[in-house]
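Visitor: I am new to this structure and would like a short tour. Could we begin with the surface?

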Amino acid sequence: MVAARRPSGKVPWALHRAGGRIPTMDSVRVRFAPSPTGYLHVGGGRTALFNWLYARHHRGTFILRIEDTDRTRSTEEAIEQIFASLRWLGLDWDEVYRQTDRFDRHREVGEDLRNRGAAYEEGGALWFRVPREGATTVRDLLAGDVTVQHSELKDFVILRSDGTPVYNFACVVDDHDMGITHVIRGAEHLNNTPKQILLYQALGWEPPLFAHVPLILGPDRSKLSKRHGAGSVLDYDRRGILPEALVNFLARLGWSHGDQEVFSKEELVALFDLPGVNTSAAVFDDAKLLWLNHEWLRRTDPHRLADLLAERIVTLGVADRHAVEAVGRERLARAAVLLRERGKTLVEMAERARPYLPGPIPLPPEAAEVLTPAVGPALAALAERVTALGDPSPAGFEALLKGGAEDLGVPIKALAPAVRVAVTGSRVGPGLYDLLSVVGPEVVADRLRAAARWIKERR
RNA sequence: GUCCCCGUCGUCCAGCGGUCUAGGAUACCGGGCUUUCAAUCCGGAAACGGGGGUUCGAAUCCCCCCGGGGACACCA
């Protein structure tokens, strides 16, 4: 068994791997076939993404097939979750099927196999007879030629005693009937493929092309699964990850285009192809996802970001809808631009949005470190000047503060942190003048007065 | 255990026989800038699993070993 190498020269890569068969590139039909036994995790999400990208890149058809043949484990909620996850990722499907709708067809083909002598009944179930001798080779577009001796295989059930089909069988019948040209799926299925090829042969059908993509591993290097915690695609939405970031991250897990790291979905569609996919499993690195999310937060249109932020602020209970509306979309967009510079997720941004919303700011005891008795009068005086401020731009605030530091007798190095804490309750945050400008003169003045009072009451 | 797949910095990738004193990204460490944090800039540490071949030449090809993962259901 020799793994095929990517050829150099002008031979089209896929053609070479396909052993000379010519895949008709304008009629690509691929499918994502999840089983609705739980939420869609990122491994499944990546498989869906690769299929979708392959279909869109080749102007083909992306099919969604719900593999719910195991009625005891499949649920309607899981199906809804899968739809919701794909929609969130922005992976639209052209056709959708449900395997349970095709049981009659599966039984019909099973019957055909039995009539041909390729299957036999035992214990009420229909078993496929695997040849004793010989071997079957999978010509995988990614793994190369993989040969398995028939002696390694056992006869397997294709129709359960209750008449329902089992995975390997339903999969073959459906892929054939749906005209699937490329089966792009996780590497855990590579071992199933010889059985499926045997089925195609017994039925006299031409098998599709196969491409088994490498697995995604958890931090402990085992196949990513539910027990790794936040593996659900929708969990990333809850964590404040942008779909663009997760798509970008997932695409880079096992696929690359030179040294480029950031890809928009449009770029991925234009660049993605099977030759760029590698064959080794990848560990899911949360830190890098967070970095990408930050990149995408910074590339997102401020108004769209404002809408996403508004929603988070409400769902997280940072403020109510009324307060958010009072701020207005424009001001919120300006706040979002400041917030996204320091926050890596929408959640972090929302949690730090309090200063931009109306109302007083609670001052923690540590505020006393910069809100000293010495700056109290200056803050009170500054509040009056802010009220009379003609130019509420960052430059206007900068002139005001620097002028104030000068003639109020408090050095800017002490005044700036004091104003920051008075307005935000925190010693860290965006550039002070930008911050004040976004918060606005009225609210700034109110909080400056409140801070002056707070200092006085503490003495 | 058997079979299958994989093996470059901690992690994700580049590398397709010479251009590799191995490149990018992230994470980490140090410094500049800043009222602060972040961003940004500069610098640093960090890898070809091991052993045999083939070749003038190997991270790149072959073999063995080791290591990791996956599959071995009337689950998918």
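Guide: The accessible surface of chain A comes to about 20,900 Å², and carbon and sulfur atoms account for 52% of that surface. Please note that this is a predicted model.

Visitor: What share of the residues in chain A is buried?

Guide: Buried residues make up 50% of the 459 residues in chain A.

Visitor: And how many helices and strands are there in chain A?

Guide: Chain A has 19 helices and 12 strands. Its radius of gyration is 30 Å, whereas the globule rule gives 23 Å for 459 residues, so chain A is more spread out than a compact globule.

Visitor: What box do the C-alpha atoms fill?

Guide: Taken along the principal axes, the C-alpha atoms of chain A fill a box of roughly 100 × 50 × 35 Å.

Visitor: Which share of the contacts joins residues at least 24 apart?

Guide: Among contacts in chain A between residues at least 6 apart in sequence, that share is 75%.

Visitor: What about charges: how many positive and negative side chains does chain A have?

Guide: There are 60 positive and 60 negative side chains in chain A. The centres of these two sets lie 4 Å apart.

Visitor: Which residues of α10 are buried, and what do they pack against?

Guide: In α10 the buried residues are L289, L292, N293, H294, E295, W296 and L297. The buried residues of this helix pack against α7 (233-238), α8 (243-252), α11 (302-315) and α14 (346-351).

Visitor: How about helix α3, how far does it reach?

Guide: Helix α3, residues 76-89, has 14 residues and reaches 20 Å from its first C-alpha to its last, close to the 20 Å expected at 1.5 Å a residue. Its buried residues are A78, I79, I82, F83, S85, L86, W88 and L89.

Visitor: Why might residues three or four places apart point the same way?

Guide: An α-helix has 3.6 residues a turn, so residues at that spacing point the same way.

Visitor: Which residues other than glycine have a positive phi?

Guide: R59 has a phi near 55 degrees, and R221 has a positive phi of about 70 degrees. R59 lies in the loop between α2 (42-57) and β2 (61-66), while R221 is found in the loop between β11 (216-217) and α7.

Visitor: Are those two buried or exposed?

Guide: R59 counts as exposed because its relative accessibility is 73%. R221 counts as exposed too, at 59% relative accessibility; the cut-off for exposed is over 50%.

Visitor: One last topic: where is E366, and how far is it from E76?

Guide: E366 lies in the loop between α14 and α15 (376-387), and E76 is found in helix α3. Their C-alpha atoms are separated by 52 Å, with the two residues 290 apart along the chain. E366 counts as partly exposed at 46% relative accessibility, and E76 counts as partly exposed at 45%.

Visitor: And how far is E366 from L53?

Guide: The C-alpha atoms of E366 and L53 are separated by 52 Å, and these residues are 313 apart along the chain.

Notes
Residues numbered from 1 in each chain as written. Chains lettered and ligands numbered in written order. Predicted model: local features only at pLDDT ≥ 70, side-chain atom pairs only at ≥ 80, totals over all residues. Heavy atoms only, no water. Helix = DSSP H or I, 4+ residues; strand = E, 2+ residues; numbered from the N terminus. Rg over C-alpha atoms; globule rule 2.2 N^0.38 Å. Buried < 20%, exposed > 50% of the residue type's maximum accessible area, 1.4 Å probe, protein only. Contact = heavy atoms within 4.5 Å. Areas by Shrake-Rupley, 256 points an atom, 1.4 Å probe, with all protein chains shown as cover. Lys, Arg positive; Asp, Glu negative; His and termini not counted. Charge placed at Lys NZ, Arg CZ, Asp CG, Glu CD. Expected span 1.5 Å × (residues − 1).
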